[in-house]
Amino acid sequence: MDQTLMTNRTFDELSVGDSATLVRTVRQEDIDLFATSSGDFNPTHLDTAFAADTRTGHIIAHGMWTAGMVSALLGTKLPGPGTVYLAQDLTFLKPVSPGDTITATVTVQEKRAESQVVLFNTRCVNQAGEDVLTGTATVMAPPEHVAWPQTILPDIAVQRHDRFDAIVAEARRLPLLRTALVHPCSPEAILAAFEIRDEGLLDPVLIGPEAKIRAAAAKAGVSLDGFEIISVEHSHAAAARAVELAVAGRVETIMKGSLHSDELLGAVVAPGSGLKTERRISHVYVMDVPAYTKLLIVTDAAINIAPTLDHKRDICQNAIDLLHLLGNPEPKVAVLAAVETVNDKMPATLDAAALTVMAARGQITGGRVDGPLAFDNAISMDAARTKGIVSPVAGQADILLVPDLEAGNMLAKQLLYFAGADAAGLVLGARVPIILTSRSDSLKVRIASAALAKLVAARSLAQGLPAR
C-alpha cells in the first residue's frame, strides 16, 4: 500500500514568515479519547450535569487538546520530521466546545543561526475567527532534509458503557426489595450480598448451611451483622426454601449464590413449586454493546437447549414483556437464522417464519416480530438495504431471538469478548425475577443484573402482574 510521504524543512530552508495550518473539528469522542490517554478526567470536559454549572454552561475540550494541534503542526508539517520541541508558552483565550472547528497556524518568527533554534508564533482560532489560543514555540529545526512515510494509524473507537446507568439510577431510587440469596457459601457470593445491599438495590436474605455461610464470610474478611440468615442443610434445601419464601411473598426476587444454575432452576420449575406460570422460563442477556445504539437483548443463551416452536413463542413473549417493563412500548424482535429466506432444509428459518405469522395473528403480543433474519440484517440498516430487505425490524432490533442455546451462547460471548459488551443476566417466566450471575461478571454487570431484577419486580407488583 502506498503511504503518504512526510517531508520537512531544514533550518536553512526556513524563512521568517513561513507558515502552515491544520484544521480539526472537535468531537465529543476526541475529548473522551484525550481524557483516557492523558488521565485528565476533569468533569468540566466529560460530565454534562457538572459542566452545566460552570461558566460556559456546557462541556468544553481540554485546553491541551487544542495545544496538541500546535505540536502536530510543528512535528509533521513545519518544520516537520526531525524537529525537537524545546519550549512552548500558551495563553488560552476562549473555551473550545464540541462541534467547534479549530484552525491552528504556526509562523516562523525568528531564526537563531548559532543554535539552529527557531521561534514560531502559534495561534488557534475557531470558526468565527476568534482567537482561542496564542503563544510562542521554541524548536530546534532539523539539520537534514527528510522524506518519510507517514505511519498508518490504527482505527480507534470510543466505547461508551452507559446504557445501564439510567436503569441502575432508577432502581436505587426505589425502596430496597427483599431477595433470597441462595447458598452463598463462597467468598464471592458473600461479597455479592454486600454489593447489592450497599448499592441501595436489594436486601438479601442468606439461605444455606449457616456454618458454611459464616466460613465464607470469614474468608472474605467481612461481618454478617445486619443480614438475616436462614439455615438449611444443603444447596437443594436452600433452593427449595427460597422458592417457598417467594411464593409466600417474603422475598420479591431470587439470586443465585454458589450452587449450580440447574439446581436453583430445578426448584423453581418443580411440580407444585408455586413459582411456575403458564410460561416457559427463559434467560435474557440484556447487553450494552458499545457499537450499537441501544440496549440489545439476546435470548435464550443459558437455559433452553433446543427450544421447540412453542418454547420460542414463550421466550419471545418473555423478552417483549421485559422491555415493556423497562419502558419500550413496542420492542422489535429479530428471529435469527443463518439466512434471511425460508429454507425447508434449515429448521431455524421455518420457526422464524412461523413466529412472524404468530405475532401477526396475536399469538405473540406487544412487539414487532420478523424473521428469518441473519445477524447482520437484524442489527445493520446498511446490510438490510444492501440485500433489499423491507422489514419493520431489520437494522433496528431490540431483541435477538436465537435458534438454540449453542447459537445464543456463542453470539453473546462474541459480543462480550470481541465487541466489548457488558451483559446483565436475568431469568424470566417465573412469578419473580431470578438473578443468574457468573463469577467472571464485573461488578458493574452484577449491579446491572440486580437493578434489572429490582425494576422488574417492583413494576410487576405495581401492575399486579407476575414478574415474568
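Reply: E2 and E4 run antiparallel and are joined by seven bridges. Two strands are taken to pair if DSSP finds at least two bridges between them; helices (H or I, at least four residues) and strands (E, at least two) are DSSP runs, numbered from the N terminus. Within this pairing, Thr25 has Thr101 of E4 as its bridge partner. The model is a predicted one, in which local features need pLDDT of at least 70, side-chain atom pairs count only at pLDDT 80 or more, and totals for chains, interfaces and linings use all residues. Residues are numbered from 1 along each chain as its sequence is written, and side-chain values use heavy atoms, with hydrogens and water left out.

On its other pairing, strand E4 (residues 101-112) is joined by nine bridges to strand E5 (residues 117-125), again antiparallel. E4 and E5 form a hairpin with four residues between them. Gln116 is found in this loop between E4 and E5, and its phi is near 60 degrees, a positive value in a residue other than glycine. Most residues other than glycine have a negative phi, and most peptide bonds are trans. Gln116 counts as partly exposed at 28% relative accessibility, where buried means under 20% relative accessible area, exposed over 50%, and partly exposed in between (1.4 Å probe, protein chains only).

These strands belong to an open sheet of five, with the order E2-E4-E5-E6-E3 and antiparallel pairing. Strand E2 (19-25) and strand E3 (84-92) stand at its edges with a single partner strand each, so one side of each has no neighbour in the sheet. Direction ignored, neighbouring strands of this sheet are turned by 20 degrees against each other on average; axes are lines fitted to C-alpha atoms, for helices over the stretch in contact, and angles run from 0 to 180 degrees between N-to-C directions. Strands of a sheet pair through backbone hydrogen bonds, either parallel or antiparallel.

The loop between H4 and E3 holds Pro79, which is joined to Leu78 by a cis peptide bond with omega of about 0 degrees. A further cis peptide bond, with omega near 0 degrees, runs from Thr299 to Asp300; Asp300 is found in the loop between strand E13 (296-299) and H10. His183 has a phi near 55 degrees, a positive value in a residue other than glycine. His183 lies in the loop between strand E8 (177-182) and H6, and it is buried, with a relative accessible area of 10%. Arg55, in the loop between helix H3 (48-51) and helix H4 (63-76), is exposed, with a relative accessible area of 77%.

Elsewhere, the largest pocket has a volume of about 1100 Å³. On a 1 Å grid over the protein atoms alone, a pocket is an open set of points where a 1.4 Å probe fits, with protein on both sides within 12 Å along at least five of seven lines, and lining residues have an atom within 4 Å of a point. Grid points are joined across faces, edges and corners, and a volume is the space filled by probe spheres set on the points. The lining has 39 residues, of which Thr437, Ser438, Arg439, Ser440 and Asp441 lie nearest the centre. Among the elements that each supply at least two lining residues are helix H6 (187-198), strand E12 (282-288) and helix H15 (443-463). By class, the lining has 17 nonpolar, 13 polar and nine charged residues; Ala, Val, Leu, Ile, Met, Phe, Trp, Tyr, Cys and Pro count as nonpolar, Asp, Glu, Lys and Arg as charged, and the others, Gly among them, as polar.

Ser449 has its place in helix H15 and is buried, with a relative accessible area of 0%. Leaving aside neighbours within four places in sequence, Ser449 is in contact (heavy atoms within 4.5 Å) with Ala424, Gly425, Leu426, Ile435 and Thr437. Lys312, in helix H10 (residues 309-325), is likewise buried, with a relative accessible area of 6%. With neighbours within four places in sequence left aside, the contacts of Lys312 are Pro307, Asp351, Leu355, Leu401, Val402 and Pro403.
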